[in-house]
Amino acid sequence: MEVEVPKVFMKPLLVPNKTLMGPGPSNATRRVLDAMSNPLLGECHQENLQIMDEIKEGIKYLFQTQNPATMCISGSGHAGMEAAMCNLLEDGDVVLMGVTGLWGNRAGDIAQRYGADVHYVRARCGYALSFEDIREAFQTYNPKVFFIAQGDSSTGVLQSFISDIGDLCRRFNCLLVVDIVASLGSAEFLMDEWKVDVAYTGSQKVLCGPAGITPISFNQRALNKIKARQSKVKSYYFDITLLGQFWGCFGTSRIYHHTVSSTLLYGLREAIAIVCQQGLKNMIRRHIECSYRLQKGIENMGMEMFVPEPNHRMSSINVIKIPNGVDWRKVSQYAMNKYFLEIAGGLGPTVDQVFRIGLLGENATEEKVDLVLTILREAIQNTSGITLNERSKI
Ligand SMILES: *Cc1c(COP(=O)(O)O)cnc(C)c1O
């Protein structure tokens, strides 16, 4: 044999235990990790199908929806975005992307690859979209699909009045797609009541599950649009009509579509079980309270949040302006090297401008908030020589 055995495989796998307080992934709880060490099952084994059915019920609770077409995509959050776009869109369809940071642009990139005629309505960086902006853009473009991220993790902007956008979409005979990857579990979201047609979330953000399996739900309006397609969905893997059969969403017999990782199903089921046992409302409240504590701490140190309007701040991803004279890379490295704590920099429109601190799931606790504040302060002072205000008691 010409290619030799790589020596590295003579050593065992070693993974450090880090505190993940960036924008995701979050730390999976012990229960989730344990669940994932269960034996593997075949994807069509009765026990595996049962777990899939339970996960569907869990997602319906998390999304507050009765949609039968509720399932998971095998892939990370991006796969949810891709599945939403490729099922709803055909060549030339006009789609409008609400942009409050990176994710509206990303959805636009994806939609364009599927042949759509993509337009954008952009908020000022750090601000949410106003209803007026959206309504005017609807009048200009008359879109068939409108996309918005409830929480944009690059800017930390939380888009409110989604239910008003839902009403607007009905008036314009437009479908509403909402990205709840980074916000679900940290802000209220009522899929049916708000008339959201497609929503998908991330397993590895607030839910603290493994990455690579993405809950998604389509309502009847969305399915009608898919049924009326002139052309096949351009992706086999993400075709909701086929995938939904496999997930048992349409009352027809379940047909193998692809091998869903049973390991990821176990992890996601356990992550959902933890939310169900806590109660969604309690979980949301805890995130809001912890974020408030963090924001107070940041302001007490003399720093500023990136999103000026407090009601438009996400509680899961907290975005902080970098003070003058501070190098975020050094701060981030300091926290990682000394404490194995992740503090992230910006993304997309906020690169080099902000720190991003995730309070995701099990890291949304008072202790973790105080820990990250203390380390952030030390890291800034030690890497820049700047003295921050003493943090007064919160
Ligand atoms: C993280 C994130 C995504 C992408 O998720 P991946 O799992 O990294 O593919 C999409 N939308 C938002 C708002 C996110 O925060």
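Which domains does the domain assignment of the chain give? The assignment gives domain 1 (30-276) and domain 2 (279-384), with bounds that come from an automatic or database domain assignment. The structure is a predicted model, in which local features need pLDDT of at least 70 and side-chain atom pairs count only at pLDDT 80 or more, while totals for chains, interfaces and linings use all residues. Residues are numbered from 1 along each chain as its sequence is written, and side-chain values use heavy atoms, with hydrogens and water left out.

The centres of domain 1 and domain 2, taken over C-alpha atoms, are separated by 27 Å. The contact (heavy atoms within 4.5 Å) takes 29 residues from domain 1 and 25 residues from domain 2.

Helices (H or I, at least four residues) and strands (E, at least two) are DSSP runs numbered from the N terminus. Helix α3 covers residues 77-88. At 1.5 Å a residue, its twelve residues should span 16 Å, and the end C-alpha atoms are 17 Å apart, which agrees; the expected span is 1.5 Å times one less than the number of residues. Ten of the twelve residues of α3 are buried, so the helix is largely enclosed by the rest of the structure. Buried denotes under 20% relative accessible area, exposed over 50%, and partly exposed in between (1.4 Å probe, protein chains only). Among the buried residues of α3 are G77, M81, C86 and L88.

A salt bridge is defined as a side-chain nitrogen of Lys or Arg within 4 Å of a carboxyl oxygen of Asp or Glu. By this rule the count comes to 20 salt bridges. One of them joins R254 and D53, with the closest N and O atoms 2.9 Å apart. R254 lies in the loop between α8 (240-246) and α9 (262-278) and D53 in helix α2 (residues 46-63), so the pair ties together parts that are 201 residues apart in sequence. R254 is partly exposed at 26% relative accessibility, as is D53 at 27%.

E132 and R135 also form a salt bridge (2.6 Å, N to O). These residues are three apart in helix α5 (residues 131-141) and thus separated by about one helical turn. In a further salt bridge, R313 and E299 have their closest N and O atoms 3.8 Å apart. R313 lies in the loop between α10 (280-300) and β11 (317-321), whereas E299 is in helix α10, so the pair ties together parts 14 residues apart in sequence. R313 is buried, with a relative accessible area of 14%, and E299 is partly exposed, at 37%.
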